[in-house]
Amino acid sequence: MKDVLLIALFAFGGAVCAGAVGAVVLRLVRHRSVAVSLTVIAAVAVTAMLAGTLAVARAMFLSRHDLGVVTLVVAMAAVVSLATALLLGRWVVARSHELSVAARDFGEGGSFAAPPRPATAELASLSRELAATSEKLAASRERERALEKSRRELVAWISHDLRTPLAGLRAMSEALEDGMAEDPERYHRQIRTEVDRLNSMVGDLFELSRIHAGALALSPSRMSVYDLVGDALSGVDPLARERGVRLVGEAVDRLPVEVDGKEMTRVLANLLINAIRHTPADGTVAIAASLRAGAVVVSVTDGCGGIPAEDLPRVFDTGWRGSSARTPVPPAGAGLGLAIVRGIVEAHSGRAVVRNVPGGCRFEVTLPAPDPAPA
């Protein structure tokens, strides 16, 4: 038992000395390639074994022949180990280089393509993470391009819509200034109408800028969707009478919602105004509210005749006006109403969708139902 302990002590001492030297070398080459580190690790393992074996052999007073045999066996093991480490290191370095090239292309704006040849589990996991990140960035770039296109269209439309009333205001003011207006009162009324229209457009732009900037401050409180619909119907009733459109709001359940009353009233008003403007005279605009799958759904159905299927995904885009059949006529805004609807609804953790129905289309606003009030 004493001899065994002595052998273990000599072997441990030799291995520790070789390991300490190897740790120092690894620290010195820590910034080099993986191949160098693997070679050093293999050399440390073989050297530790060699040092322990030789220490034990000398302590046991082996013959010169036996000591030479042990040394030769350990040396052959060292050569094989070092060669294997070099090959493995070169393979790992090659896979790492391929991954670096793919990541460089990905960083220059392209999509990430994982190297075709197999790699270690860690490199394969890194490839999957880079591929997932590439997909997210591609989707982000696509959203950015769509947003930039929407902004350019918005600038073009706003420029046109502002130029028209401003030109009219200038012409009417010049006519009044020169005393050429036959009916000054009518000109004054028209000027006020155009100013109100401009004020509405500027208000919509301000609201939309707050939504896009994430600065829309909500003050939610529990209220009845029945009251919200009633307020919205009261606000748009004069427009409906002027257009000869009948408003129907009988299918509205008294459901509680937790929303910002002012902003949600604006959502419903925008939907109703949009529906009234695109429904022909003697048509009907119906608003309904019900509980569906644990959420409150408010729908507005018009008689516009439907929207082309290819245009449905763009209905809530900023500045979208659709085909000429749905292009608003004065005093319509700049195509911002539905974009504002989507922004406000999403700020309430809801969603806004549109689909065609027989004779028209239906806009649906889905809001999360509030938790039951405590008893």
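Modeller: Contact here means heavy atoms within 4.5 Å. The model is predicted.

Biologist: Which residues of α6 meet α7?

Modeller: From α6 come L228, V229, D231, A232, L233, V236, L239, A240 and R243. Their partners in α7 are G261, M264, T265, L268, A269, L272, I273, I276 and R277. The residues of this contact divide into 13 nonpolar, two polar and three charged.

Biologist: How is the packing of two helices described?

Modeller: The angle between the axes and the distance between the axes describe two packed helices. In this model, the axes of α6 (residues 225-243) and α7 (residues 261-277) come within 9 Å and cross at roughly 30°. Angles under 35 degrees count as roughly parallel, so α6 is roughly parallel to α7. The crossing of α6 past α7 is right-handed.

Biologist: Which residues follow α4 and α5?

Modeller: G179 follows α4, with a positive phi near 70°. G214 follows α5, and its phi is also positive, near 70°.

Biologist: Which residues of α5 are buried, and what do they pack against?

Modeller: In an α-helix, residues three or four places apart point the same way, because there are 3.6 residues a turn. The buried residues of α5 are Y187, E194, R197, L198, M201, D204, E207, L208 and I211. These buried residues pack against α4, α7 and α8 (337-347).

Conventions. Residues are numbered from 1 along each chain as its sequence is written. This is a predicted model: local features need pLDDT of at least 70, side-chain atom pairs count only at pLDDT 80 or more; totals for chains, interfaces and linings use all residues. Side-chain values use heavy atoms; hydrogens and water are left out. Axes are lines fitted to C-alpha atoms, for helices over the stretch in contact, and angles run from 0 to 180 degrees between N-to-C directions. Helices (H or I, at least four residues) and strands (E, at least two) are DSSP runs, numbered from the N terminus. Angles under 35 degrees count as roughly parallel, over 145 as roughly antiparallel, 65 to 115 as roughly perpendicular and the rest as oblique. A crossing is left-handed if the near helix is turned anticlockwise from the far one by less than a right angle, and right-handed if clockwise. Ala, Val, Leu, Ile, Met, Phe, Trp, Tyr, Cys and Pro count as nonpolar, Asp, Glu, Lys and Arg as charged, and the others, Gly among them, as polar. Buried means under 20% relative accessible area, exposed over 50%, partly exposed in between (1.4 Å probe, protein chains only).
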